[in-house]
Amino acid sequence: MSEATPKQFVAVLDFGAQYGQLIARRVRDLHVYSEIVPCDIPADELAAMKPAALILSGGPASVYAEDAPKIDPGILELGLPVLGFCYGHQIMAVTLGGEVAHSEVGEYGPATIVRDGESALFAGTPEEQTVWMSHRDAVSRVPEGFVVTSSTDVCPVASMECASRKLYSTQFHPEVRHTEHGRELLENFLFGICGLAATWTMDNIIDEKVAEIRAQVGDRKVILGLSGGVDSSVVAALVHRAIGDQLTCVFVNHGMLRKGEPEMVEEVFRDQFQVPLVHVHAERRYERLLAGVTEPEEKRRRIGSEFWKVFFDEAQRIGGVEMLAQGTIYPDIIESGARKTGGKASTIKSHHNLIPFPEGVHFDLIEPLDHFFKDEVRELGVALGLPDRMVYRQPFPGPGLAIRIIGEVTSEKLEVLKNADAIVREELDAYNERLFEETGERNSEHSCWQYFAVLPDIRSVGVMGDERTYARPVIVRAVESSDAMTADWAKLPYDVIGRISSRIVAEVSGVNRVVYDVTPKPPATIEWE
Ligand code: XMP
């Protein structure tokens, strides 16, 4: 757990990665800090983290499967309020002496529970309510001291509790939106049963983080590699709020950024925040580095390793810098599997630290966002005064436009791609804005999640005016996704595609054709290289 973690926090014991994250999100949405811990954490280690309450997540296993994750029984004896969902419900039952049976009929999707008796967990919610179920096994006998508080036609113990020990559990998933009163149940647990306060708000978070960074840094100098991306920008704004001019931002411009991007970084950080900013013009260095290189992985490798060379050269030039700030975020840590360290943040960092420090170079790391989810990072950015156009940007790959130019990267191709890409972004930003006005949702079902132009390494014949042309095509890629793991091509209205096409051929010289990529991921990827 990070040092600045507020005293009050809810530990989510994760029995299956996707469930734990969602629960932590829901708790944080209610302004209570929450962290995910591995389900096999020993009771004493968990107690040392001083959580105020525990939630046991769902998980894909059957409690009786040989390799089913177990829980240290001592955890349920710590005297902490506990709420278990699905697998968490069943593991609580069997650990405390109840029974779980394999039922003939599973329950998947919406189900109606009927409540039985008074329960603080269900306070203020109706006698019958729709919940989201996903199980085959079910609790067949509750542990001693427990009572059943709801059931469905096929599930005799849809929820149970031992109020005197503050132990509660539900077979259904209150964390999913389809559970009609899921949010109220969580509120009842956090505020009614555990007596927690909703103090995890952006203002408090900023104050805490600022204090933490000041304590960690002291009077040392800190350097930060600014890419213009959301995470590094928010870290820059936060660290600058904490230590002012002790922070220097180094912006390595490799020349493969989108049109207008270097200017935006300068304008925001140098002009608006007055952060000491070194803009390293490495465009020529990269041009030479990539000359003749056509293989995608080789491009990525060269760009990545050169970035750190340029960065460390600059750090040495500045001199006296002992610390490096990084925009690592919570999913980076969770996905790297490092959480198996049981919340030992220092171990996590050395696992996670992928920066190839050169021989003899060392920096202490500060990663103030390492326990934030992406949309919390954005919220923090807004609260720190970063402009929306920086905070709500679409994802952009580190190797930049180089992986959207198929074949060799040349300055001529870069110019064509930057101009075409600017048009795609302008038109689709406007399209997303119209959807936002219509639906009131930033990421509505049909809004584009990522959209850009790609330049393939071919030419085709066209006719412009009375002239035959032999020029480049531009591929437009626009996808809907929520996490980039899978994506579908965006079903854009024809008039939007048409406008993008006619603007590109009219405004970008060297282009005579525009095509639209209609491939989902999988089988394609979002990027072309
Ligand atoms: P793919 O092309 O694998 O991309 O479907 C998934 C998401 O990751 C982004 N991406 C990258 N981001 N460095 C990054 O920081 C990279 O090398 C990189 N490659 C792909 C891509 O834009 C998409 O959002």
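This is a predicted model: local features need pLDDT of at least 70, side-chain atom pairs count only at pLDDT 80 or more; totals for chains, interfaces and linings use all residues.

I looked up glutamate 527 and found a relative accessible area of 12%, so I wrote it down as buried. Its salt-bridge partner is arginine 404, with 2.8 Å from N to O. The arginine 404 and glutamate 527 pair ties together parts that are 123 residues apart in sequence, because arginine 404 sits in the loop between helix 13 (388–391) and helix 14 (411–439), while glutamate 527 belongs to the segment after strand 19 (511–516). Arginine 404 has a relative accessible area of 1%, so I filed this residue under buried as well.

Next I checked for shared partners: salt bridges link Glu426, Glu427, Arg499, Arg503 and Glu507 into one network.

**Entry: the wider count**

How many salt bridges does a search of the whole structure find? I got 33.

Arginine 285 and aspartate 313 form one of them, at 3.5 Å from N to O. Arginine 285 is in helix 8 (residues 283–290) and aspartate 313 in helix 9 (residues 296–318), so this pair connects parts 28 residues apart in sequence. I noted arginine 285 as partly exposed at 29%, and aspartate 313 as partly exposed at 42%.

The other joins glutamate 297 to arginine 300, at 3.8 Å from N to O. Both residues are in helix 9, and because they are three residues apart, about one helical turn separates them. Arginine 300 came out partly exposed, with a relative accessible area of 30%.

**Entry: a charged patch**

Which residues gather in a patch of negative charge on the surface? I listed Asp116, Glu118, Glu127 and Glu128. I then followed up on glutamate 127, which is in the loop between strand 5 (99–115) and strand 6 (128–141). Its relative accessibility is 49%, so I recorded glutamate 127 as partly exposed.

**Entry: serine 57**

Is serine 57 buried or exposed? My note says buried, because its relative accessibility is 0%. I placed serine 57 in the loop between strand 3 (53–56) and strand 4 (82–85). Leaving out residues up to four places away in sequence, serine 57 touches a list of residues including Val12, Phe15, Tyr19, Ile23, Phe85 and Tyr87.

Methods. Residues are numbered from 1 along each chain as its sequence is written. Side-chain values use heavy atoms; hydrogens and water are left out. Patches are made of residues with over 30% relative accessible area and no salt bridge: like charges are joined within 9 Å, nonpolar side chains (Val, Leu, Ile, Met, Phe, Trp, Tyr) within 5 Å. Accessible areas come from the Shrake-Rupley method with a 1.4 Å probe; for residues, only the protein chains shown count as cover. A salt bridge is a side-chain nitrogen of Lys or Arg within 4 Å of a carboxyl oxygen of Asp or Glu. Lys and Arg count as positive and Asp and Glu as negative; His and the chain ends are not counted. The place of a charge is taken as NZ of Lys, CZ of Arg, CG of Asp or CD of Glu. Helices (H or I, at least four residues) and strands (E, at least two) are DSSP runs, numbered from the N terminus. Buried means under 20% relative accessible area, exposed over 50%, partly exposed in between (1.4 Å probe, protein chains only). Contact means heavy atoms within 4.5 Å.
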